[in-house]
Amino acid sequence: QLQLVESGGGLVQPGGSLTLSCAASGSIFSIDAMGWYRQAPGKQRELVARIISGGSSNYADSVKGRFTISRDNAKNTVYLQMNSLKPEDTAIYYCNADIRTTIFGRKNYWGQGTQVTVSS
């Protein structure tokens, strides 16, 4: 069964750092784009950062210069390095990936989410 498993969330003080990881497991032929979304209480889920298999990435304006997305294709893993965290970064962070189980089929998958809380 194909799944995305996130780790690395937690409680951090403003100005601190956290690194999130998301590993894809199962019958995987290839992974196209991988990314991170977040959803704060009472708000819609929003894109944080996304990276394609060739390495190009894009970020939400609110995290540019503070967050860095990267991936290890050999490990089917995507990372989100979060620096200079602010209280408004508090949210549940979800991993997302476009995965091919065969050369013909591509589906979109979500992780279960990991809580990030920025508070003093």
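1. Searching the whole structure gives two aromatic pairs, where rings of Phe, Tyr and Trp (its six-membered ring) pair if their centres lie within 6.5 Å, and planes under 30 degrees apart count as stacked, over 60 as edge-to-face and the rest as tilted. This is a predicted model, in which local features need pLDDT of at least 70 and side-chain atom pairs count only at pLDDT 80 or more, while totals for chains, interfaces and linings use all residues. Residues are numbered from 1 along each chain as its sequence is written, and side-chain values use heavy atoms, with hydrogens and water left out.

2. Tyr 37 and Trp 110 pair edge-to-face, at 5.0 Å centre to centre and 65° between the planes. Because Tyr 37 belongs to strand β4 (residues 30-39) and Trp 110 to strand β10 (residues 106-110), the pair ties together parts 73 residues apart in sequence; strands are DSSP runs of E, at least two residues, numbered from the N terminus.

3. Tyr 94 and Trp 110 are likewise edge-to-face, at 6.4 Å centre to centre and 85° between the planes.

4. Tyr 37 is buried at 19% relative accessibility and Tyr 94 is buried at 13%, whereas Trp 110 is partly exposed at 38% (buried means under 20% relative accessible area, exposed over 50%, partly exposed in between, with a 1.4 Å probe and protein chains only).

5. Arg 45 lies over the face of Tyr 94, 3.7 Å from the ring centre, and also over that of Trp 110, at 4.6 Å; the criterion is CZ of Arg, or NZ of Lys, within 6 Å of the ring centre and within 35 degrees of the ring normal.

Terms used
Helix = DSSP H or I, 4+ residues; strand = E, 2+ residues; numbered from the N terminus.
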